[in-house]
Amino acid sequence: MPLIAIRNLTKLYRMGDSVVRALNGVDLTVERGEFVAIIGPSGSGKSTMMHLLGCLDRPTAGTYEFNGRDVGKLSDRELAIVRNREIGFVFQTFNLINRTTALANVGVPLFYARRTDITTKARAALDHVGLTARAAHRPSELSGGERQRVAIARAIVNDPLLLLADEPTGNLDTRTGEQIMDIFHALNRRGVTIVVVTHEPDIAAQARRIVAMRDGKVVSDETAADYEARLGLAPARRPRGAATGPLAATGPLAVAAQCSAAAEPASAAVGAMNGPAPAGGAATSDSPEADLSLPPRMARGATTALVIGAIGPLLALALWTSAKVLIVATGGVPRVEPGALPPTPMLIAAGLGLLSLLVGLGVGCVAIFWGRSVLHHVRQEPGHWLGVGRARLGIALGGLGLAMPFLLLILNRALGSVG
Ligand code: ADP
């Protein structure tokens, strides 16, 4: 079963009265473990293709099967889970959160996957791309190459099946770009399928298969060797082999460590071009104190559901008890002659008893509805939520409120028989 199977994929964009055919019936199959470059002139549909492959958008027509599932039949929530767990994204502009550390950036997908071992896994991913020493740095303190490595660490932190990279080397100098490609090769050897969009022939030639697009269609699909021969390119540099660097023990990604060591001068220069001066050698050791400031979010309304749920049975019980106390205090239920009006305390007690039943039923219904809507919201949006337990407890207490009339009836009988 291929990892990607798309048939007659079509994407239309409406621009006022006109329709742009961004993808025009594309067929493409990518097997697991392939390394594919998608090339083509600007406007040929590469980014649209990446968006669809990454389940970020839905096609107008055609089918896309990812990992054996028809993506078109997945709900928005299921698509979000696929994006989070099975696909990693790397962008030209890195798309990092500037106000937080490299470690926290890498932890974001884990946070949305509700993982509890965020720090450990994020550190391991940074380790894989040779950035252990930069864990506590903010993106603005890193060079361009380092930022892209942080982005790659974030992309691989959930062990995705597919890594999609849109012009990943577009903002980097040639040497740093090659180092990024080395990391992709290391990931590819580890089994990750890689699809890279690039307009740079040298970068494309480093993939194993090159798919060329034009006007929303695939116009050629060839091996890297055929591509090089056709364009008269020198054979692409081969990715580095066995690891000798500090990551050798961690497996194929060890090559990233070599990149790390080699990248500094070139990537520092790029970093200087891209923004504030990089921290350079300031961080020379691991950063055990790195702050992973991603507190779980509290589901809105969860506490309210709990409070409403608790109010129902408590208020019902309080009203019923008041009625009982009133009856006892006035000497018990008097004998009422047929046609005569019961004494006022008895009428009040009856009113309180009725109110207690209505409160139990009404407030119980509201609590159940409220709690269920909180849980529905949490299910819609993957993430690490707090408050699910409160919402569930609110629902349970709402159920108790609904059951209150029966419980009070039983209690009434029990007390009556005791009396
Ligand atoms: P590439 O990445 O190869 O430059 P794109 O996939 O970005 O190509 O765009 C393909 C075509 O679709 C272009 O003509 C572009 O103008 C159009 N297009 C892309 N995105 C949109 C959009 N959101 N709305 C309207 N037209 C779009």
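Residues are numbered from 1 along each chain as its sequence is written, and side-chain values use heavy atoms, leaving out hydrogens and water. Because the model is predicted, local features need pLDDT of at least 70 and side-chain atom pairs count only at pLDDT 80 or more, while totals for chains, interfaces and linings use all residues.

**Exercise 1. Find the strand order of the open sheet of 6 strands, and name its edges.**

Step 1. Know the terms. Helices (H or I, at least four residues) and strands (E, at least two) are DSSP runs, numbered from the N terminus. Two strands pair if DSSP finds at least two bridges between them.

Step 2. Read the order: 6-7-8-3-9-10, with mixed pairing.

Step 3. Look at the edges. Strand 6 (87-91) and strand 10 (217-223) each have a single partner strand, so one side of each has no neighbour in the sheet.

Step 4. Neighbouring strands are turned by 15 degrees against each other on average, direction ignored. Axes are lines fitted to C-alpha atoms, for helices over the stretch in contact, and angles run from 0 to 180 degrees between N-to-C directions.

**Exercise 2. In which sense does strand 9 pair with strand 3, and in which with strand 10?**

Step 1. Recall the rule: strands of a sheet pair through backbone hydrogen bonds, either parallel or antiparallel.

Step 2. Take strand 3 (residues 35-39) and strand 9 (residues 209-214). They pair in the parallel sense over 4 bridges. Val36 has Arg209 as its bridge partner in strand 9.

Step 3. Take strand 9 and strand 10. Their pairing is antiparallel, over 6 bridges. Here Arg209 stands opposite Thr223 of strand 10.

Step 4. Inspect the hairpin of strand 9 and strand 10. It has 2 residues between the strands, and Asp215 takes a positive phi near 50 degrees.

**Exercise 3. Which residues surround the ligand, and which element supplies the largest share of the shell?**

Step 1. List the shell, counting residues with a heavy atom within 4 Å. Among them are Tyr13, Val20, Gly43, Lys46, Ser47 and Thr48.

Step 2. Pick the element. Helix 1 gives the largest share, 3 residues.

Step 3. Find polar contacts (pairs of N or O atoms within 3.5 Å). A backbone N or O atom of Gly43 lies 2.7 Å from a ligand oxygen. The side chain of Ser47 has an N or O atom 2.7 Å from a ligand oxygen. For a polar side-chain atom of Thr48, the distance to a ligand oxygen is 2.5 Å.

Key: Polar contact = N/O pair within 3.5 Å; in protein donor to acceptor, adjacent residues only side chain to side chain.
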